Amino acid sequence: MPKKAIRIKDEEKHIELETQRHLRITLAVSIVILIIQAIGFYLSNSLALLGDTFHLSSDIISVIVGMIALHFALKKHEDRRTFGFHRLEVFSALFNGLLLLLMGIFVAFEAIDRIKNPAPISPLPIVLAASLGLIGNLIMAWQLKNEENLNIQGIFLHILGDTLSSVGVLISAVVIYFTGLTIIDGVVSLLIAFIIGSSSYYIIRNSLSILLESAPKELQPEKVIKIIKRFKQVKDVHDVHIWSICSDIRYITAHIVMEDIRISKTKTLVEAINERLKKELFISHTTFQVENILCKNGICHTWHFKK
């Protein structure tokens with residue numbers, strides 16, 4: 001294997017190991033917060049705090065699933081599994097999204113019932129639990145804020161939604177303390193359910209898009225064709241296929257029609273195209289079939305060279 005390829009592999013492994021470290025910290029913090037919020041719910045009878053606790057429990061599940069997915073992603077490729085286990089990331093993200101959706105629906109129904117039938121609530125335990133939860137969520141969000149992995153982005157969205165939930169719960173506790181209007185607990189719970197539902201929609205949509213092998217939004221075929229056609233030797237580009245294995249591994253295949261040039265020059269040109277795509281679109285996995293146009297006595301035909 002070339003030294004450059006080995007260096008890239010080592011860098012990717014280092015990034016994934018660093019991500020695992022961030023996930024371990026996130027998991028530890030989230031478990032501590034979950035215990036605190038569960039106790040807070042028991043003492044306060046706040047549905048909003050329960051919804052926040054549900055959201056946090058889904059964070060814990062998503063972190064555990066994400067760590068398992070990363071573990072398998074680091075495994076070596078097998079003869080049958082030429083793409084490795086990277087697709088596990090997408091399945092785990094889809095699982096997280098569906099779990100969030102179910103929790104959001106449950107909290108929404110309970111919130112509507114709480115609005116119709118307000119229950120007595122003790123605000124002081126809510127303030128303590130929500131404040132500690134907010135601090136913990138900010139710590140977790142800081143750990144994962146720069147991750148590009150789809151599964152980790154899904155976890156980050158869980159945490160971001162949980163942070164907003166904690167703020168809402170804290171505000172509701174203050175309002176209840178000063179006004180005694182416990183109906184605000186149901187209203188905030190409904191808002192939390194909406195946040196949970198919005199997060200689940202984003203995760204489910206992106207996961208299904210990858211599983212259906214759709215072209216990523218930022219990598220539409222027209223954009224790729226335009227970049228390739230900047231090279232004057234390229235006459236046409238067709239049969240373009242773009243898909244993702246997971247959130248950060250994308251593949252492109254295409255037929256490129258070029259003017260009649262030597263095979264050695266064709267290789268150089270394809271390498272230049274690869275470099276341009278990697279620089280502008282961060283694509284490093286490409287397969288091109290080159291079709292050279294040869295015209296003689298007014299008759300043109302093509303011959304193929306795969307790269």
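From the N terminus on, the elements of the chain follow the order α-α-α-α-α-α-α-β-β-α-β-β, which amounts to eight helices and four strands, where helices (H or I, at least four residues) and strands (E, at least two) are DSSP runs numbered from the N terminus. The model is predicted, with local features needing pLDDT of at least 70 and side-chain atom pairs counting only at pLDDT 80 or more, while totals for chains, interfaces and linings use all residues. Residues are numbered from 1 along each chain as its sequence is written, and side-chain values use heavy atoms, leaving out hydrogens and water.

**Burial and contacts**
- Of the 307 residues of the chain, 45% count as buried, meaning under 20% relative accessible area, with exposed set at over 50% and partly exposed in between (1.4 Å probe, protein chains only).
- Among contacts (heavy atoms within 4.5 Å) with a separation of 6 or more, 72% join residues 24 or more positions apart.

**Aromatic pairs**
- Two aromatic pairs are counted, the rule being that rings of Phe, Tyr and Trp (its six-membered ring) have centres within 6.5 Å, with planes under 30 degrees apart taken as stacked, over 60 as edge-to-face and the rest as tilted.
- Y177 and F178 form an edge-to-face pair, 5.1 Å centre to centre with 90 degrees between the planes, and both Y177 and F178 are exposed.
- W243 and Y251 are stacked because their ring centres lie 5.7 Å apart and their planes are at 15 degrees; W243 counts as buried, at 17% relative accessibility.
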